[in-house]
Every structure is written in structure tokens, then in C-alpha cells.
Amino acid sequence: MIRSLKALVAAAVVAVAPISAHAGDQKMVEEVLVILSSDSLQTQGMAMVLSNTMAQKGARVNVLLCDKAGDLALKNYDAPALKPKDVTPGQMLRGLMKQGGVANVCALYLPNSDYTKDDLIEGVGVATPPEMADQMLNPAMRTFTF
């Protein structure tokens, strides 16, 4: 009976070993694409909180701002500050860029608004469909949408 119990324990350890070995081997994603198009202040805020957190963890973060979310990249952007840190999504975007994050407005944002490239904060680009498609199709890059 003791031999059977030892054999059962040994079999359980062998069965679980690959799972534990893989759990420690998980490689972090090195680069992410965050596509933000929501006009919801809290959704924009959470997208920026998570983007900044991923950057702090070492990921290269690319942000594509579409539709009303493109307003975050405007020099004259104004929105209520979000608790608990009392910052706006636009301020969080600027913080992300200071950490090395890349921000672009979508190719349709400027032509379909009253704004020009001069209205965007320094460092924000205008994305092109081929460049964004390349990022989205890159198997090494994870894409998040908000």
C-alpha cells in the first residue's frame, strides 16, 4: 500500500512538473499596440493607466488614437481629472510619451476634424494604414482595443 501511495505521489509530481516549469518560463510581450477610440473619459483613462503600467513593466507601447480619442493628442485638450490621481487621460498620454511610448492619431482623424497636424502635441504622429496593418499583423505584438 505504501508503494502504491509513493507511486501515486510520484505520478502526480511528474504530471504537474511541466505546468510549473512553463509558468516560470512565460515571456513577457515586448511590444504592444493600444487602439483607443472610445469617447468615454473613464475608458480613455483606463487605457492610459494600463498603457503606462505596461511601459513601466518594460513593454514598448504604441498608441493609436481614433475618433474622439484623438482629442487626447491636441495641444488644447481639456477634460476633467480622474480620481484617484487627479490626472486627465491626456496628461497620462503625455506621461507615456515621456517614458518612450509612441502615439499616433489615426489617418482619418485630422481630415475629418477641424484640426491640423499643428494642433497636435509635439511627438504625436499621424498613422498610415500600411504601418498600422503591419503592427496589427505582427505576431510578436499584442493588440488591445478600448
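**Entry 1. Ground rules.** I worked on a predicted model, where local features need pLDDT of at least 70, side-chain atom pairs count only at pLDDT 80 or more, and totals for chains, interfaces and linings use all residues. I kept the numbering from 1 along each chain as its sequence is written, and side-chain values use heavy atoms, with hydrogens and water left out.

**Entry 2. Layout.** I looked up the secondary structure and found 4 helices and 5 strands. Helices (H or I, at least four residues) and strands (E, at least two) are DSSP runs, numbered from the N terminus. Read from the N terminus on, the order is α-β-α-β-α-β-β-α-β.

I then checked burial, taking buried as under 20% relative accessible area, exposed as over 50% and partly exposed as in between (1.4 Å probe, protein chains only). Of the 146 residues in the chain, 36% are buried.

For contacts I used heavy atoms within 4.5 Å. Among contacts between residues at least 6 apart in sequence, 68% join residues at least 24 apart.

**Entry 3. Helix H2.** I went to H2, residues 41-56, which has 16 residues. The distance from its first C-alpha to its last is 22 Å, close to the expected 22 Å, where the expected span is 1.5 Å times one less than the number of residues. Just after H2, I noted Gly58 with a positive phi of about 105 degrees.

Which residues of H2 are buried? I listed Gln44, Gly45, Ala47, Met48, Ser51, Asn52, Met54 and Ala55. The spacing can be read against the helix repeat: an α-helix has 3.6 residues a turn, so residues three or four places apart point the same way. The cover over the buried residues of H2 includes strand S1 (31-36), strand S2 (60-65), helix H3 (89-98) and strand S5 (141-145).

Met46 is in H2 and counts as partly exposed because its relative accessibility is 42%. Leu50, also placed in helix H2, is partly exposed at 34%. Met46, Val49 and Leu50 make a nonpolar surface patch of about 220 Å². Patches are made of residues with over 30% relative accessible area and no salt bridge; like charges are joined within 9 Å, and nonpolar side chains (Val, Leu, Ile, Met, Phe, Trp, Tyr) within 5 Å. From Leu50 I took the C-alpha separation to Val34, 16 residues apart along the chain, and got 9.4 Å.

**Entry 4. The core.** I took a nonpolar core as a set of buried Ala, Val, Leu, Ile, Met, Phe, Trp, Tyr and Cys residues joined through side-chain atoms within 4.5 Å. The largest one has 37 residues, and Val61, Leu64, Leu65, Leu93, Val105 and Val124 touch the most other members. At least two residues of this core come from each of S1, H2, S2, H3 and strand S3 (102-105). The most come from S1, with 5 residues.

What does Val61 touch, not counting residues up to four places away in sequence? I recorded Val32, Val34, Ser51, Met54, Ala55, Leu96, Gly101 and Val102.

**Entry 5. Gln135.** I checked Gln135 in helix H4 (residues 129-137). Gln135 is buried, with a relative accessible area of 16%. Leaving out residues up to four places away in sequence, Gln135 touches Leu33, Asn62 and Met141.

**Entry 6. Salt bridges.** With a side-chain nitrogen of Lys or Arg within 4 Å of a carboxyl oxygen of Asp or Glu as the rule, I counted 4 salt bridges.

One of them joins Glu31 and Arg60 at 3.3 Å, N to O. Glu31 lies in strand S1 and Arg60 in strand S2, so this pair ties together parts 29 residues apart in sequence. Arg60 is partly exposed at 48%.

I also noted Glu30 with Lys27, the closest N and O atoms being 3.4 Å apart. Glu30 is partly exposed at 40%, whereas Lys27 is exposed at 68%.

Asp86 and Lys83 meet at 3.2 Å, N to O. Here Asp86 is partly exposed at 45% and Lys83 is exposed at 70%.

Terms used. Accessible areas come from the Shrake-Rupley method with a 1.4 Å probe; for residues, only the protein chains shown count as cover.
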